[in-house]
Amino acid sequence: MPTDRILVDMASPTALAGAGRRRELAMNNCWSVGDITIQRVIEKEGPFLPALDVFPTLSAELLDENRDWLAPKALDRNDRLVFSFQSYVVRTPHHTVLVDTCIGNDKVRPTRPEWNLKRDESFMRALAATGLSVDDIDFVMCTHLHVDHVGWNTRLQDGRWTPTFPKARYLISKGEFDYWTEQHAKTPSPHFGDSVLPLMETGQAELVRDDYALDDHVRLAPTPGHTPHHVAVCFGRAGDDAVMPGDVLHSPLQARYPELSPRFDVDGDAAAKTRRSFLDRYCDTRTLCCTAHFPSPSIGRITRWDDGFRCDFIEA
């Protein structure tokens with residue numbers, strides 16, 4: 001893939017200065033397709049983990065073969081994958097929907113020092129840059145319940161975990177919730193306790209089928225493997241104008257080689273089959289693929305590349 005396939009969205013919502021700048025940023029960070037608009041809410045972006053650690057079956061030789069198009073945007077000089085941790089705000093004719101909620105503040109995450117008890121305003125500033133507040137979100141949709149996708153489901157207020165989006169309904173796969181409930185009973189998962197269970201206590205969480213349709217514009221599609229009941233979120237009235245695949249994909253390298261499954265997939269073989277099926281489904285279509293962790297600008301269309309695929313990124 002040519003280096004210029006990977007572009008950088010210079011309208012990053014991490015450097016805001018005044019209302020005029022926020023309005024400009026909101027315009028620059030907006031994709032329109034069909035009758036929906038999409039905006040990114042970026043909490044963090046940068047080098048994360050070594051590629052060879054993330055993908056157990058990736059060889060140093062194969063990584064070298066792909067370095068010229070991966071680096072520097074998706075792979076840094078130390079061979080660490082560049083990840084974005086972000087949510088998507090989607091406005092449909094009916095609702096304002098937030099897909100996934102990133103890392104969160106004040107959460108105890110001892111295995112990730114950079115996330116542990118994090119206290120910064122990057123997520124809230126990025127949300128404000130879209131022109132929205134927490135009160136404007138109608139639905140929060142979770143692709144799955146991993147730690148970096150549920151963190152801002154809740155925030156700490158007066159010593160309690162309370163829903164960050166007070167007027168929203170949180171839609172969660174029942175199968176996904178049941179799976180994590182079972183895991184939590186065996187070994188307590190801090191993120192499940194502080195970012196998921198409080199939603200059940202307030203009654204704002206709604207457990208749904210993996211193929212649930214909210215309305216004629218918003219629906220889920222089963223994409224198992226990364227977790228047993230992982231789902232993609234699809235938007236559009238007459239077909240899929242846009243799709244948020246969550247952790248079906250983590251890096252552009254997996255589009256090129258769909259068989260590459262990261263070590264944090266629950267079922268790597270199932271994830272690889274799901275990934276190829278997903279990429280086949282959307283290859284050479286008009287659908288915008290809004291990736292969770294690809295580097296900026298993160299959004300593009302899937303095209304074929306030999307026996308694999310690539311995401312041709314599109315600037316807002």
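Me: How many aromatic pairs does the structure hold?
Reply: The structure, which is a predicted model, holds eleven aromatic pairs. One of them is formed by Phe 177 and Phe 192, whose ring centres are 5.6 Å apart with the planes at 40 degrees, so this pair is classed as tilted.

Me: Where do Phe 177 and Phe 192 lie?
Reply: Phe 177 belongs to helix H6, residues 174–186, whereas Phe 192 belongs to helix H7, residues 190–195, so the pair ties together parts that are 15 residues apart in sequence.

Me: And is Phe 177 buried or exposed? What about Phe 192, buried or exposed?
Reply: Phe 177 is buried, with a relative accessible area of 11%, and Phe 192 also counts as buried, at 1% relative accessibility.

Me: What about Phe 294 and Phe 313, what kind of pair are they?
Reply: Their ring centres are 6.1 Å apart and the planes stand at 70 degrees, which is over the 60 degrees needed, so the pair of Phe 294 and Phe 313 is edge-to-face. This pair links distant parts of the chain, 19 residues apart, with Phe 294 in the loop between strands E13 (288–290) and E14 (299–305) and Phe 313 in strand E15 (residues 308–313). Phe 294 counts as buried at 1% relative accessibility, and Phe 313 counts as buried at 8%.

Me: Which residues do ring pairs link into a cluster?
Reply: Phe 48, Phe 83, Phe 85 and Trp 115 are joined into a cluster by ring pairs.

Me: Which ring does the charged end of Lys 107 sit over?
Reply: That would be the ring of Trp 161, with the charged end of Lys 107 placed 4.8 Å from the ring centre.

Me: Back to E15, then. How many of its residues are buried?
Reply: Six of the six residues in E15 are buried, and the strand is described as mostly covered. The cover is on both faces, with Gly 308, Arg 310 and Asp 312 buried on one side and Phe 309, Cys 311 and Phe 313 buried on the other.

Me: How does E15 pair with E14?
Reply: E14 and E15 pair in the antiparallel sense over six bridges. Within this pairing, Thr 303 stands opposite Arg 310, and Arg 304 has Phe 309 as its bridge partner. The two strands form a hairpin with two residues between them, and Asp 306 in the turn has a positive phi of about 55 degrees.

Me: Changing topic, which residues of helix H4 are buried?
Reply: They are Ser 122, Phe 123, Met 124, Ala 126, Leu 127 and Ala 129. Because six of the eight residues of H4 (residues 122–129) are buried, the helix is largely enclosed by the rest of the structure.

Me: What follows H4?
Reply: H4 is followed by Gly 131, which has a positive phi, near 90 degrees.

Conventions. Residues numbered from 1 in each chain as written. Predicted model: local features only at pLDDT ≥ 70, side-chain atom pairs only at ≥ 80, totals over all residues. Heavy atoms only, no water. Phe/Tyr/Trp six-rings, centres within 6.5 Å; stacked < 30°, edge-to-face > 60°. Helix = DSSP H or I, 4+ residues; strand = E, 2+ residues; numbered from the N terminus. Buried < 20%, exposed > 50% of the residue type's maximum accessible area, 1.4 Å probe, protein only. Lys NZ or Arg CZ within 6 Å of the ring centre and 35° of its normal. Pairing = 2+ DSSP bridges.
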